[in-house]
Amino acid sequence: MERTYIKDLKAQAGQEVVIKGWVDIRRDQGKLIFLDFRDMTGKVQGVILPNAKEAHDVGAILRPEWVVEVKGKVNPRPPKNVQAEKMNGDIELEILSMKVLSKAQELPFELGTDINIDTYLDYLPLTLRAEKQRAIFKVQTVIITAFREFLTKEGFTEFQAPKLIGEDAEGGANSFNIEYFGHTAHLAQSPQLYKQIMVGVFERVFAAGNVYRAEKHSTTRHLNEYTSLDIEMGFIKDHTDVMNMETKFLDHIMKELAAKCSAEFKLLKSEIPVVPEKIPSMKLREAQKIIQKEYGEDCSKEPDLEPQHERWLCEYSKKTWNSDFIFITHFPISKRPFYTYEDEDDLGYAKGGDLLFRGVEITTLAQRIHDYDKLVASMISKKLDPEKFSYYLQAFKFGMPPHGGLGLGLERLTAKLLNLENVKEATLFPRDINRIDSLLSSNKPKQDL
RNA sequence: GCGGAAGUAGCUCAACUGGUUAGAGCACUCGCCUGUCACGUGAGAGGUUGCGGGUUCAAGUCCCGUCUUCCGCGCCA
């Protein structure tokens with residue numbers, strides 16, 4: 001008999017069907033045993049009636065996470081037992097027979113109960129199965145898909161940026177070194193240089209891939225491996241074209257989430273933000289004045305925003321313009337990377353900035369220098385050796401349009417969208433300073449093998 | 001790297017100013033239960049209180065060292 005997915009059971013009322021999945025919960029009442037089953041499409045309650053002897057024998061030994069094949073009859077529930085708010089709350093599967101496809105050991109904890117984050121991370125192959133985690137990563141998939149859809153429609157071409165980088169790594173201090181056939185190579189900190197090269201090829205490009213930062217930070221918003229959603233576009237007027245493009249793709253993402261993930265947002269008790277037609281935007285110096293006026297802290301001499309400042313500005317933006325988003329532009333050019341374009345009308349400051357969302361920075365964007373001589377001069381002023389970037393510089397030697405782009409931290413966006421306390425909860429298998437799965441964790445729990 | 005907090009049963013947590021045999025809920029084992037849906041219910045098993053040293057008649061509790069984790073900061077997305 002062919003497998004029926006749990007979401008389709010209702011249409012099979014009165015019929016005998018076979019479902020396959022996991023045991024979610026067992027409620028054993030002796031003569032009556034209730035079992036909730038889960039497959040990729042949903043959940044359903046099964047009931048073993050007293051006369052189903054063989055099914056009863058199997059049902060009595062089943063435990064959570066056992067994998068089973070169940071033959072049963074789809075029945076409407078007795079009216080007083082209907083649970084209208086639940087999926088399949090008006091039907092149940094009368095279990096006729098069951099086959100155990102795989103047993104599960106005793107669980108270290110009940111799925112879905114509160115556990116500490118280190119326990120959560122120690123047991124990811126199990127904890128990721130919980131309803132909350134599946135909701136988080138479904139939302140994340142919808143974000144990526146919507147990002148792809150929108151940009152493709154806008155004429156962007158997706159490309160795969162290399163993760164193995166030679167000498168021309170942007171920074172150096174915070175890149176991972178790897179042994180590469182007798183040389184030292186690096187893991188990519190960003191697809192930046194490649195996406196600029198690709199502007200020379202396709203004008204508009206994007207990439208969604210992992211990047212690596214060898215930074216010894218330990219916060220709820222940092223990862224050593226994260227997913228960067230990157231775009232780069234040619235023939236722009238200035239950085240505001242990039243800001244407008246980001247506004248539009250964020251709007252599309254939020255609309256897709258509203259259409260496809262309302263149940264997930266409800267489960268995670270979070271609201272889908274509205275993207276204003278024009279996201280509030282101000283220069284760093286204006287933002288610093290607001291901080292002084294509203295919050296009484298003088299940070300006007302600082303070249304950057306501190307995490308507390310970012311939280312304040314988001315609070316202010318929400319209060320003043322009812323926006324969860326705010327752009328802060330024109331950071332000192334001296335603090336930005338060598339390829340950043342200086343504003344001719346505001347010398348010393350960058351044509352670009354950050355996008356803040358619900359208290360954290362999720363994007364850095366800018367117009368880039370497209371003139372070969374200016375770019376080389378900028379490298380030299382930053383004490384970088386143009387020789388090491390000769391490969392990248394070819395793109396500029398051979399003609400590049402004015403262009404700009406952005407990078408968006410997928411896990412930060414996901415975490416803030418869903419009110420998650422730690423960005424690690426928005427990462428399937430987070431890498432941090434003391435964890436690659438369990439490999440770096442010296443006091444991990446002893447596990448039965 | 002710096003600062004703060006914490007480490008007690010498989011998990012989540014209690015245990016007062018040091019004082020009987022370190023407790024509870026969930027999970028687990030063995031029963032009872034024909035409408036549960038976090039089922040209920042009776043009993044049971046489960047501990048080197050992270051590790052090492054010290055003070056004390058007595059240490060989960062106080063002191064020193066050490067390891068680990070979480071949170072904050074710098075840096076960043």
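A pocket, as the word is used here, is an open set of grid points where a 1.4 Å probe fits, with protein on both sides within 12 Å along at least five of seven lines, and its lining residues are those with an atom within 4 Å of a point. Keep that in mind as we look around this model, which is a predicted one.

Let's start with the second largest pocket. Its volume comes to about 1,300 Å³. Lining it are 44 residues, and the ones nearest its centre are Arg213, Glu215, Tyr226, Glu361 and Thr364.

Now for the nonpolar cores. The largest one has 54 residues, and the members that touch the most others are Leu151, Ile231, Phe249, Met254, Leu257 and Leu417. Helix α4, running over residues 131-153, gives the most to this core, with 11 residues.

What about the cysteines? A disulfide is a covalent bond between the sulfur atoms of two cysteines. This structure holds zero of them. Take Cys314: the nearest cysteine sulfur belongs to Cys299 and is 14 Å away, so there is no disulfide here, given that the two sulfurs would have to be within 2.5 Å. Cys314 counts as buried because its relative accessibility is 7%, under the 20% cut-off. Cys261 has a relative accessibility of 0%, so it counts as buried too.

Finally, a look at the backbone. Most residues other than glycine have a negative phi. Two residues here go the other way. Glu203 has a phi near 70 degrees, a positive value, and it sits in the loop between α5 and β10 (204-212). His330 also has a positive phi, near 60 degrees, and its place is the loop between β13 (325-329) and β14 (352-357). Are these two buried or exposed? Glu203 counts as partly exposed because its relative accessibility is 41%, whereas His330, at 5%, is buried.

Note on methods:
Residues are numbered from 1 along each chain as its sequence is written. Chains are lettered from A and ligands numbered from 1 in the order in which they are written. This is a predicted model: local features need pLDDT of at least 70, side-chain atom pairs count only at pLDDT 80 or more; totals for chains, interfaces and linings use all residues. Side-chain values use heavy atoms; hydrogens and water are left out. A nonpolar core is a set of buried Ala, Val, Leu, Ile, Met, Phe, Trp, Tyr and Cys residues joined through side-chain atoms within 4.5 Å. Buried means under 20% relative accessible area, exposed over 50%, partly exposed in between (1.4 Å probe, protein chains only). Helices (H or I, at least four residues) and strands (E, at least two) are DSSP runs, numbered from the N terminus. On a 1 Å grid over the protein atoms alone, a cavity is a set of points where a 1.4 Å probe fits but cannot get out, and a pocket is an open set with protein on both sides within 12 Å along at least five of seven lines; lining residues have an atom within 4 Å of a point. Grid points are joined across faces, edges and corners, and a volume is the space filled by probe spheres set on the points.
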